[in-house]
Amino acid sequence: VQDGRESVALLINARNPAEICFGMNATSFIRLVSLGIGQLIAASPGGRNEIIVTDMDHDANIATWLALQPQGATVRWWRMRDDGNLHVDDLVPLLSERTRLVACTVTAHAIGSIVDVAAVGKIAHAAGAEIFLDCVHYGPHGLMDVQAWDCDYLVCSGYKNFAPHMGFLW
């Protein structure tokens, strides 16, 4: 397991292999993180309860966050433009002091659009929000770099990257 953590840390440019968790798949990790964030939202009514999701994402990175609405989460939608891309300029007005998290993909699974997640992380953090990246469809095609992207969470499926049928969370 330690060798696996070291390999994945190298793959995604993590600072420390101990930052890597292995599990069933990326979807189960999205759910796990969402449950923790849901508890934070429920424990602080009137606090940072907004979660931004995109219409570019796989359902696993949408439905999981929508499921937090009964705990008090408000979901805001960052929508693609007609060119099939998410534009960071469209995210800016969605962010506020109530934004807890921006959840987005790195690459659209259906159309292949790539999101400028480094810019997303910069503006999300400037608003005091965290960024959650679904890297499942980007992983096999590009270099993942959690430090350059300055994300707070990243999930990926090993089997999309020629590894066993499992997922990892950073």
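**Entry 1: surroundings of L154**

I looked up the contacts of L154, taking contact as heavy atoms within 4.5 Å. Leaving aside neighbours within four places in sequence, L154 is in contact with L133, C135, V146, W149, F168, L169 and W170. I note that the model is predicted, that local features need pLDDT of at least 70 and side-chain atom pairs pLDDT 80 or more, and that totals for chains, interfaces and linings use all residues. Residues are numbered from 1 along each chain as its sequence is written, and side-chain values use heavy atoms, with hydrogens and water left out.

L154 is found in strand 6, residues 153–157. Strands (E, at least two residues) and helices (H or I, at least four residues) are DSSP runs numbered from the N terminus. Is L154 buried or exposed? I found L154 at 0% relative accessibility, and therefore counted it as buried. The classes are buried under 20% relative accessible area, exposed over 50% and partly exposed in between, with a 1.4 Å probe and protein chains only. I also checked M80, which is 74 residues from L154 along the chain; their C-alpha atoms are separated by 21 Å.

**Entry 2: nonpolar cores**

I next looked up the nonpolar cores, each a set of buried Ala, Val, Leu, Ile, Met, Phe, Trp, Tyr and Cys residues joined through side-chain atoms within 4.5 Å. The largest has 35 residues, of which I12, W78, V120, L133, W149 and L154 touch the most other members. At least two residues of this core come from each of helix 1, helix 4 (88–91), strand 4 (99–105), helix 5 (117–126), strand 5 (130–134), helix 6 and strand 6. A second, separate core holds 20 residues, including I30, V33, A103 and V155. As background, nonpolar side chains tend to be buried together in soluble globular proteins.

I traced an open sheet of seven strands with mixed pairing, in the order 1-7-6-5-4-2-3. Strand 1 and strand 3 are the edge strands, each pairing on one side only. Two strands pair if DSSP finds at least two bridges between them. Direction ignored, neighbouring strands of this sheet are turned by 20° against each other on average.

How many residues of strand 4 are buried? I found seven of the seven buried, so strand 4 is largely enclosed by the rest of the structure. Strand 4 runs parallel to strand 5, and five bridges join them. Across this pairing, A103 stands opposite F132, and V102 stands opposite I131. Strand 2 also runs parallel to strand 4, through three bridges; among them, E50 has T99 as its partner in strand 4.

Helix 2 (residues 26–43) lies across strand 1, strand 2 (50–54), strand 4, strand 5, strand 6 and strand 7, and runs at about 155° to strand 6. Axes here are lines fitted to C-alpha atoms, for helices over the stretch in contact, and angles run from 0 to 180 degrees between N-to-C directions.

In helix 1 (residues 2–12), I found V8, A9 and I12 buried. They cover an arc of only 105° around the axis, which puts them on the same side of helix 1; the arc is that of the directions from the helix axis to the C-beta atoms. D3 and L10 are exposed on the other side of helix 1. The buried residues of helix 1 pack against strand 1 (21–23), helix 6 (146–149) and strand 7 (167–169). N13 follows helix 1 and has a positive phi, near 60°.

In helix 5, the buried residues are V117, V120, G121 and A124. Seen down the axis, they fall within an arc of 100°, so they line one face of helix 5. K122 and A126 are exposed on the other side of helix 5. The cover over the buried residues of helix 5 includes strand 3 (74–78), helix 4, strand 4, strand 5 and helix 6. Just after helix 5, G128 takes a positive phi of about 85°.

**Entry 3: T64**

T64 is buried, with a relative accessible area of 9%. Which backbone oxygen lies 2.7 Å from a polar atom of the T64 side chain? I found that of A60. Leaving aside neighbours within four places in sequence, T64 is in contact with I30, R31, S34 and D59.

How values were computed:
Polar contact = N/O pair within 3.5 Å; in protein donor to acceptor, adjacent residues only side chain to side chain.
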